[in-house]
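Thank you all for making the time this morning.

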Amino acid sequence: MTAQPDPRDRRPRRTARKRVVDTRRQEELLRQAETIILTEGFTAVTMDELAQRLGCSKATLYSLASTKEQLVLAVTRAFFRDATAEIEQAVQAEPDPRQRIRVYLTGVGTAMRRHSNAFYDDMVGYEPTAQIYRTNSAAAAHRVHQMIEEGVQTGVFRALNGHFAAQVVAVTIDAVQSGILLESTGLTAGDAFSELGDLLLDGLSSGQGAFESPSTAGRSPRDQVSAPR
């Protein structure tokens with residue numbers, strides 16, 4: 001027969017408390033591991049080194065992920081998940097449909113500053129993390145396309161091929177991430193996305209301050225270029 005607990009026994013239940021503490025410790029270690037990996041990449045970092053630098057045992061580190069590969073995947077997913085949440089929060093706080101694209105691109109630039117070129121190289125060179133990157137790049141292009149369509153519907157953007165514009169953004173993000181665009185222009189990531197925002201908004205604007213000259217009126221949309229403002 002099972003003994004019933006004494007209702008007068010008010011001692012704290014330590015088992016539940018211990019689980020809470022362990023969970024918080026795991027979250028803290030994961031964030032610390034994320035900082036190291038985003039700063040230095042993950043190819044050359046071993047689990048032994050991570051455990052030493054985090055001040056924990058390997059057993060504790062393996063409680064976060066069963067293998068180094070799983071830890072890298074967890075860090076990569078957490079990076080994109082947190083960045084997306086922060087960017088979307090800023091976008092939703094912006095009431096101007098025109099400026100939401102600028103806010104979004106600025107947020108992408110800010111997020112990119114959190115990781116190094118070493119992490120980017122490792123990420124795109126390892127297929128499982130490269131897939132995560134491709135998925136999030138596609139999601140970014142889709143989000144920009146969505147904001148363009150919203151602007152067209154509200155009349156602040158002119159009708160154009162929003163899918164093409166979104167793909168231009170995706171290609172630019174990749175060129176900035178890889179460093180190719182920054183090396184060729186001398187811009188920082190933040191400056192590059194600011195310029196991209198200006199370029200997009202100028203091209204998308206629904207004729208505010210723009211005009212069409214008679215010489216371009218008879219051309220097809222493919223041949224026309226916007227007149228300087």
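Buried residues make up 34% of the 229 residues in this chain, where buried means under 20% relative accessible area, exposed means over 50%, and partly exposed is anything in between, worked out with a 1.4 Å probe on protein chains only. Before I go on, please keep in mind that this is a predicted model, in which local features need pLDDT of at least 70 and side-chain atom pairs count only at pLDDT 80 or more, while totals for chains, interfaces and linings use all residues. Residues are numbered from 1 along each chain as its sequence is written, and side-chain values use heavy atoms, with hydrogens and water left out.

The chain has 11 helices and 0 strands, and here helices (H or I, at least four residues) and strands (E, at least two) are DSSP runs, numbered from the N terminus.

Let me turn to two of these helices. Helix 4, which covers residues 68-92, has 25 residues and reaches 36 Å from its first C-alpha to its last, close to the 36 Å expected at 1.5 Å a residue; the expected span is 1.5 Å times one less than the number of residues. Helix 7, residues 127-154, has 28 residues and should span 40 Å at the same 1.5 Å a residue, which agrees with the 40 Å between its end C-alpha atoms. Just after helix 7, Gly155 takes a positive phi of about 90 degrees.

Which residues of helix 4 are buried? Among them are Leu71, Val72, Val75, Phe79, Phe80 and Ala83, and in helix 7 the buried residues include Thr129, Tyr133, Ser137, Ala140, Val144 and Met147. As a general point, an α-helix has 3.6 residues a turn, so residues three or four places apart point the same way.

Now to the aromatic rings, of which the structure holds 6 pairs; rings of Phe, Tyr and Trp (its six-membered ring) pair if their centres lie within 6.5 Å, and planes under 30 degrees apart count as stacked, over 60 as edge-to-face and the rest as tilted. Phe79 and Phe80 form an edge-to-face pair, at 5.1 Å centre to centre with 70 degrees between the planes. Phe79 counts as buried because its relative accessibility is 3%, and Phe80 is buried as well, with a relative accessible area of 11%. Phe80 also pairs with Tyr133, and this pair is tilted, at 6.4 Å centre to centre and 45 degrees between the planes. Since Phe80 lies in helix 4 and Tyr133 in helix 7, the pair ties together parts that are 53 residues apart in sequence. Phe80 and Tyr133 both belong to one aromatic cluster, together with Phe42, Phe79, Phe119, Tyr120 and Tyr126.

The next topic is the nonpolar cores, a core being a set of buried Ala, Val, Leu, Ile, Met, Phe, Trp, Tyr and Cys residues joined through side-chain atoms within 4.5 Å. The largest has 26 residues, and those with the most contacts inside it include Ile101, Tyr104, Leu105, Val144 and Phe193. Helix 4, helix 5, helix 7, helix 8 and helix 10 each supply at least two residues of this core. Apart from it lies another core, of 25 residues, among them Leu29, Met47, Leu61 and Ile132.

Ile101 and His145 are 44 residues apart in sequence, yet 9.7 Å apart in space, C-alpha to C-alpha. Glu195, by contrast, lies in helix 10 and counts as partly exposed because its relative accessibility is 46%. On a 1 Å grid over the protein atoms alone, a pocket is an open set of points where a 1.4 Å probe fits, with protein on both sides within 12 Å along at least five of seven lines, and lining residues have an atom within 4 Å of a point; points are joined across faces, edges and corners, and the volume is the space filled by probe spheres set on them. Of its 18 lining residues, those closest to the centre include Phe80, Tyr104 and Ala140.
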